[in-house]
Amino acid sequence: MRYFVNEQCIGCGLCADICPEVFSLNDQGKAEAIDADVPESALDSAAEAQASCPVSAIEEK
(Lines give C-alpha, C1' and ligand atoms only; values in the text may rest on other atoms or scores of the structure.)
Protein backbone atom coordinates (compact mmCIF):
# COMPACT_ATOMS: atom_id res chain seq x y z
CA MET A 1 0.00 0.00 0.00
CA ARG A 2 1.09 3.54 -0.75
CA TYR A 3 -0.21 6.92 0.34
CA PHE A 4 -0.42 10.28 -1.38
CA VAL A 5 -0.94 13.70 0.22
CA ASN A 6 -3.22 15.89 -1.91
CA GLU A 7 -3.42 19.68 -2.28
CA GLN A 8 -5.82 19.97 0.67
CA CYS A 9 -2.86 19.63 3.07
CA ILE A 10 -2.60 22.51 5.55
CA GLY A 11 0.81 21.47 6.87
CA CYS A 12 -0.28 20.75 10.44
CA GLY A 13 2.32 17.97 10.76
CA LEU A 14 0.03 15.54 12.57
CA CYS A 15 0.70 12.75 10.06
CA ALA A 16 4.48 13.15 10.42
CA ASP A 17 4.12 13.04 14.22
CA ILE A 18 2.02 9.87 14.09
CA CYS A 19 3.96 8.03 11.36
CA PRO A 20 7.37 9.55 10.58
CA GLU A 21 8.34 6.39 8.67
CA VAL A 22 5.90 7.40 5.93
CA PHE A 23 5.10 11.11 6.25
CA SER A 24 7.26 14.21 6.51
CA LEU A 25 6.94 17.94 5.93
CA ASN A 26 8.67 19.33 2.85
CA ASP A 27 10.42 22.68 2.39
CA GLN A 28 7.06 24.34 1.67
CA GLY A 29 5.69 23.14 5.00
CA LYS A 30 3.30 20.63 3.42
CA ALA A 31 3.17 16.92 4.14
CA GLU A 32 4.39 14.34 1.71
CA ALA A 33 4.46 10.56 1.78
CA ILE A 34 7.33 8.28 0.86
CA ASP A 35 7.24 7.12 -2.75
CA ALA A 36 7.34 3.45 -1.83
CA ASP A 37 5.16 0.80 -0.29
CA VAL A 38 4.50 1.43 3.39
CA PRO A 39 6.66 -0.89 5.49
CA GLU A 40 4.61 -3.59 7.20
CA SER A 41 5.73 -2.30 10.59
CA ALA A 42 4.18 1.11 9.81
CA LEU A 43 0.83 0.03 8.31
CA ASP A 44 -1.19 0.69 11.47
CA SER A 45 0.37 4.06 12.22
CA ALA A 46 0.04 5.15 8.57
CA ALA A 47 -3.66 4.28 8.65
CA GLU A 48 -3.99 6.20 11.93
CA ALA A 49 -2.29 9.22 10.33
CA GLN A 50 -4.72 9.08 7.41
CA ALA A 51 -7.72 8.87 9.72
CA SER A 52 -6.37 11.72 11.89
CA CYS A 53 -5.78 14.22 9.09
CA PRO A 54 -8.05 17.19 9.88
CA VAL A 55 -8.64 17.99 6.19
CA SER A 56 -8.65 14.44 4.76
CA ALA A 57 -5.61 15.19 2.61
CA ILE A 58 -4.12 11.69 2.78
CA GLU A 59 -5.29 9.30 0.11
CA GLU A 60 -4.42 5.71 -0.72
CA LYS A 61 -2.56 5.43 -3.98
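**Fold, core and selected residues of a predicted model**

K61 touches R2, Y3, F4 and D35, when residues up to four places away in sequence are not counted, a contact being heavy atoms within 4.5 Å. The model is a predicted one, in which local features need pLDDT of at least 70 and side-chain atom pairs count only at pLDDT 80 or more, whereas totals for chains, interfaces and linings use all residues. Residues are numbered from 1 along each chain as its sequence is written, and side-chain values use heavy atoms, with hydrogens and water left out.

With a relative accessible area of 61%, K61 is exposed; here, buried means under 20% relative accessible area, exposed over 50%, and partly exposed in between, with a 1.4 Å probe and protein chains only.

The secondary structure of the protein comes to two helices and four strands, where helices (H or I, at least four residues) and strands (E, at least two) are DSSP runs numbered from the N terminus. Along the sequence, these elements follow the pattern β-α-β-β-α-β. The radius of gyration is 10 Å, close to the 10 Å that the globule rule gives for 61 residues, so the protein is as compact as a globular protein of that length; this radius is taken over C-alpha atoms, and the rule is 2.2 Å times the number of residues to the power 0.38. Of the contacts between residues at least 6 apart in sequence, 62% join residues at least 24 apart, and buried residues make up 31% of the 61 residues.

The largest nonpolar core has 15 residues, and those with the most contacts inside it are V5, C19, V22, F23, A46 and I58. Such a core is a set of buried Ala, Val, Leu, Ile, Met, Phe, Trp, Tyr and Cys residues joined through side-chain atoms within 4.5 Å. Strand β1 (3–5) and helix α2 (43–52) each supply at least two residues of this core. Leaving aside neighbours within four places in sequence, V22 is in contact with E32, A33, I34, V38, P39, A42 and A46.

Helix α2 also holds Q50, which counts as partly exposed at 22% relative accessibility. Beyond the residues up to four places away in sequence, Q50 touches Y3, I58, E59 and E60. The C-alpha atoms of Q50 and D27, which are 23 residues apart along the chain, are separated by 21 Å.

Two loop residues may be described together. P20 lies in the loop between α1 (14–18) and β2 (23–25), and is exposed, with a relative accessible area of 54%; P20 and D37 are 17 residues apart in sequence and 14 Å apart in space, C-alpha to C-alpha. S56 lies in the loop between α2 and β4 (58–60) and is exposed, with a relative accessible area of 55%. Most residues other than glycine have a negative phi. S56, although not a glycine, has a positive phi of about 55°.
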